[in-house]
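Please open the structure in your viewer and keep the sequence beside it.

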Amino acid sequence: MVIVDNIHSICENFIKQDGNVDYIERSNFLLKHSKMLKKLAYQYNLVVIILNNVVADVPIMGADPAAGGKGFFENKSRGQNIAPSLGLMWSNCVNERICLRKKNAYGGNQEVRRAISLEKSAYMRRGELDFEINLAGVR
């Protein structure tokens, strides 16, 4: 198993000194390395897990959220639309997309409920499962 935690932090290397991002160079890097990881996974029968951040998902130009317009992805965090931070290009590089999120984040001794959902898969339908992590483990 190969785990890359966190692919977005690697891409911060493509921020220039003036604060702009070299999107072309970053895209080429991501495409090259995702292809290489897929090849290694197939060749050596590996599971590759790559973690990515999420960011606010701004509606597509011309899509009015009040009129039901949506961004590309359909996830929410604290009522706000969210999307993978590396965007549509990166979403086309992955075979399976799994989203982990908190369902309630109350403080104190209350256990935090979480959900895992399958967002993209070539052979399984979308689904979601609630779970919690406590002193006894995952249930």
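**Before the first stop**

This is a predicted model, in which local features need pLDDT of at least 70, side-chain atom pairs count only at pLDDT 80 or more, and totals for chains, interfaces and linings use all residues. Residues are numbered from 1 along each chain as its sequence is written, and side-chain values use heavy atoms, with hydrogens and water left out.

**Stop 1: the whole chain**

Display the whole protein as a cartoon. It has 3 helices and 9 strands; helices (H or I, at least four residues) and strands (E, at least two) are DSSP runs, numbered from the N terminus. In that direction, the elements run β-α-α-β-β-β-β-α-β-β-β-β. Of the 139 residues of the protein, 24% count as buried; buried means under 20% relative accessible area, exposed over 50%, and partly exposed in between (1.4 Å probe, protein chains only). Among the contacts with a separation of 6 or more, 44% are between residues 24 or more positions apart, a contact being heavy atoms within 4.5 Å.

Next, colour the model by pLDDT, the predictor's confidence in each residue, from 0 to 100. The mean is 78, and 76% of the residues reach 70 or more. Where pLDDT is low, the predicted coordinates should not be read in detail.

**Stop 2: helix α2**

Select residues 23–44, which form α2. This helix has 22 residues and reaches 31 Å from its first C-alpha to its last, close to the 32 Å expected at 1.5 Å a residue; the expected span is 1.5 Å times one less than the number of residues.

Now show the side chains of R26, L30, S34, L37 and A41, which are buried. Seen down the axis of α2, the buried residues fall within an arc of 65 degrees, so they line one face of the helix; the arc is that of the directions from the helix axis to the C-beta atoms. The cover over these residues includes α1 (7–11), β2 and α3 (87–91).

Then return to N45, in the loop between α2 and β2 (48–50). N45 has its positive phi although it is not a glycine. The residue is exposed, with a relative accessible area of 72%.

**Stop 3: the largest nonpolar core**

Select V4, I7, C11, F14, L30, L86, W90 and C93. These 8 residues make up the largest nonpolar core, that is, a set of buried Ala, Val, Leu, Ile, Met, Phe, Trp, Tyr and Cys residues joined through side-chain atoms within 4.5 Å. Within this selection, centre on C11: not counting residues up to four places away in sequence, it touches R26, L30 and L86. In soluble globular proteins, nonpolar side chains tend to be buried together.

**Stop 4: the open sheet**

Select β6 to β9. These 4 strands form an open sheet in the order β6-β7-β8-β9, with antiparallel pairing; two strands pair if DSSP finds at least two bridges between them. At the edges stand β6 (97–102) and β9 (137–138), each with a single partner strand, so one side of each is left without a neighbour in the sheet.

- β6 and β7 are joined in the antiparallel sense over 6 bridges, and the bridge partner of K102 in β7 is R114.
- β7 and β8 are also antiparallel, with 6 bridges; A115 stands opposite D130 in β8, and a hairpin joins the two strands through 6 residues.
- β8 (residues 127–134) and β9 pair over 2 bridges; N134 stands opposite G137, and 2 residues lie between the strands of this hairpin.

**Stop 5: I116**

Finally, centre on I116 in strand β7 (residues 113–120). Leaving aside residues up to four places away in sequence, I116 touches I98, C99, L100, G127, E128, L129 and F131. The C-alpha atoms of I116 and K102 are separated by 9.0 Å, and the two residues are 14 residues apart along the chain.
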